[in-house]
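Hello,

Here is the structure I promised to pass on to you. Please have it open beside this email as you read.

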Amino acid sequence: MVTNESLTTIIHTLAERQLGKAIVQMENYLAVMAQPQAIEQLLQLKTDYELMCDYWLKGFDDPQRETLYDQLLRKMYVLTMNVCIRAYLRNSTFVSNTYSRVRNGGRDWTPAGLRRIMEEFVSDVALLDLEPEHIRKEKLQKVYDLHLGMMSDLFDYIWTSKLWSDGVTEAFTAMLLSPTLDTIDQQILVSAITLSTINFFGINKFRLLMTVYRETADEHVRQRALIGWVLSLETEAYKLYPEVHDMISEVTEDPRCCDELAELQFQLMYCLKTESDTQKIQTEIMPDLIKNNSLRVTLNGIEEVEDDPMDDVLHPELSEQRMERLEESVRKMVDMQRQGSDIFFGGFSQMKRFPFFQVVVNWFIPFFPQHPVVSNIVGRVRGSKFINTLITTAPFCDSDKYSFVIGYEQTVSRMPENLLSMLDRGEATVIGGEMAPEELQSPAFLRRSYLQGMYRFYKVFPVRSEFVNPFGDAAYPRYVFFAHPAFRQTKLESRFGQAVAFFMKHGFYEAAKATLQNYSDEARDAQFYLLNGRVLMRTRDASNAGLTAVQSFERLLQLDPENERGWAGYARALFEAGDYSLACQYYRRLMEKHDDNRNYQLNVAVCLTNMNDYEAALKLLYKLNYEAPDDNGVNRVLAWALVGAAKYDQALKIYDRLLDTDTPDAEDLLNAAYAHWFARQLPRAIDLFRRYASLDSVTFNPDHEFLVAEQPMIARHGITPLEVQLMIAQL
């Protein structure tokens, strides 16, 4: 997050490796926005830079000059980032207050002191196991309350921190890999570092997340670290730290890592579909659920709706039909969830207004029974058995579990007695079903759950605008990390094609194009050219990855001449480019191999029609029309081929049938107008041209249409230039 245009310019300058220019720009900035420590650091850096330049000007050969220049560039980047963070603190009351509060509280923030506190907490909890139950429970809660307050402050201390030195990084890395620290503490630390690094990239924090991902034995910590380093990647700093590519290249040598990165990419895209999925649930599924269940939400709480006893007599099938519709609605939601959709966002996003969610750390803290919010509710209210079952088996993210427990406490007093009895017995459940314990602990679910919690934070947190949103639009969208150059020429490239196919299936065409652009030259195989061609045909862009659609399919067929999907794509691309003759050749190849495929036969006929070879086209079209007389796709091509062959009467009979509808196809209106014109049925032609021109979906310019675009065709049918002008005057 860069909060000032001048600082953004400096970062761009550094990314272009223009150190001298960046120093001047920073001097100008600090002359206005004085930061004494930064000024002193800049002066030292400038002195070192000028000394290097002086040696160069005097002609000294320094074999370390390149290395020194890189070191100075990085020092300048760290200085700039810390200046950015200072500006971030100055420009946000929320961030500034958070920064000051935790640093003025008198805590020991040294890594050694923090580690000692966290290790003592683990020891205190273990020792309490020796106490009698009634004493242990009370003391344990006090220990947790005190420790959670410290961890909340530590979380805020980290995400508002400047870039870390090597020593601080090593100390925190050791803490995160230590078996003597509690896993919840470690997960909180990883999330705080992630939040900080997404806002302001620092190589040391990035390296820490990468190291923890590779070396930790705790799967919860591991998956958080994976998401952390992936979403921390950005483009400007990457140009200054080539070792980022080396680290990623090394870690992706492990097939397991590549599997997890591919799954993470898909899960991130499902996050982007959350709001559209929520809309679908609210408009298509929930109305049926509400209509067909036996409960009603009122101002006085939840009431049971009693069935009308006469329904059993007058409509004995009504109850069964209601149950079938209810089951179908539930099944739709369960299917969405299994496919990766976040089906709980719509409901739980409305339950994030509790004071609990005004605190940043509470969006990232793992759910655990000893949390003060949870321990003060569970066991005290009715239905605790239901709550315990739900939070241990339902596929909720941690944030939603806290929402549920808090929200449950506020609504339980208004629930009907029969529902409470069910909850006491633990008989109720939620849509989405239960999941097996091993599935809830799987890396894929841990990753999905954490992503959903992050998504809620960046979409719902009241002060979310103060944070860089990795799910938001940007010059480089972090959620499409397959398009980041750090993954080019790594083993992950073998998964690019899989990702592009996924993007296309779900309508993420910009992501597909960006990932295709990230292929290295040596990785451009037949699959690449096929996908690139298909993306271009779908988006109708002129080019992508330096290739047109026609060129993409040509390269594919050079590598794999017998690739039928390549033939089909090449034929379509050629047709769109106006090369009907060559397109026809490839459609004929497909037609000969698949003589029962009507689409290939029709495509050949369309090509022949565009080549003005109407007689050959009609031979195919008569056959297709005989086999399926009601196929309007065939009828349209047949009618136009008949027009081309000057068989107007036959063509007009087909157009009469095609236009015999309340909403005729725009193309049918235009082509029928031409047919009537060529047949010299002028009033009808004028009427059809006017109807076509009145459609909102078309832009009709008679001058361009008749004098430029279709002038050769009009002339072939014997329409004189004077007649064209007379027709234009009528429109």
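Predicted model: local features only at pLDDT ≥ 70, side-chain atom pairs only at ≥ 80, totals over all residues.

Residues are numbered from 1 along each chain as its sequence is written, and side-chain values use heavy atoms, with hydrogens and water left out.

**Cavities**

Rolling a probe the size of a water molecule over the atoms shows where empty space is left. The search uses a 1 Å grid over the protein atoms alone: a cavity is a set of points where a 1.4 Å probe fits but cannot get out, while a pocket is an open set with protein on both sides within 12 Å along at least five of seven lines. Lining residues have an atom within 4 Å of a point. Points are joined across faces, edges and corners, and a volume is the space filled by probe spheres set on them.

Across the whole structure there are four cavities of 30 Å³ or more. The largest cavity holds about 70 Å³ of space. Its lining includes Phe-121, Tyr-144, His-147, Asp-182, Asp-185 and Phe-368. Two helices, α7 (133-159) and α9 (183-199), each supply at least two residues of that lining, and α7 gives the most, with four. Helices here are DSSP runs (H or I, at least four residues; strands are E, at least two), numbered from the N terminus. By class, the lining of the largest cavity has eight nonpolar, one polar and two charged residues. In this scheme Ala, Val, Leu, Ile, Met, Phe, Trp, Tyr, Cys and Pro are nonpolar, Asp, Glu, Lys and Arg are charged, and the others, Gly among them, are polar.

The second largest cavity has about 60 Å³ of space. Among the residues that line the second largest cavity are Ile-85, Trp-159, Asn-199 and Lys-205. Here α4 (65-91) and α9 each supply at least two residues, and the lining divides into five nonpolar, four polar and one charged.

The largest share, seven residues, comes from α23. The lining of the second largest pocket has 20 nonpolar, 15 polar and seven charged residues.

**Aromatic rings**

Rings of Phe, Tyr and Trp (its six-membered ring) pair if their centres lie within 6.5 Å; planes under 30 degrees apart are stacked, over 60 edge-to-face and the rest tilted. The count comes to 61 aromatic pairs. For Phe-481 and Phe-487, the ring centres are 5.5 Å apart and the planes are at 55 degrees, so the pair is tilted. Phe-481 is buried (under 20% relative accessible area; exposed is over 50%, partly exposed in between, with a 1.4 Å probe and protein chains only), at 0%. Phe-487 is also buried, at 0%.

Arg-589 lies over the face of Trp-567, at 5.4 Å from the ring centre, and over the face of Tyr-586, at 4.6 Å. A charge sits over a ring if NZ of Lys or CZ of Arg is within 6 Å of the ring centre and within 35 degrees of the ring normal.

**Single residues**

Most residues other than glycine have a negative phi. What is the phi of Gln-489? It is positive, about 60 degrees, although Gln-489 is not a glycine. Gln-489 is in the loop between α23 and α24 (496-505) and is partly exposed at 49%. Ala-646 has a positive phi of about 65 degrees; this residue lies in the loop between α32 (632-644) and α33 (648-658) and is partly exposed at 43%.

Finally, Phe-266 is found in helix α13 (residues 255-272) and is buried, with a relative accessible area of 16%. Phe-266 and Gly-340 are 74 residues apart in sequence and 8.7 Å apart in space, C-alpha to C-alpha.
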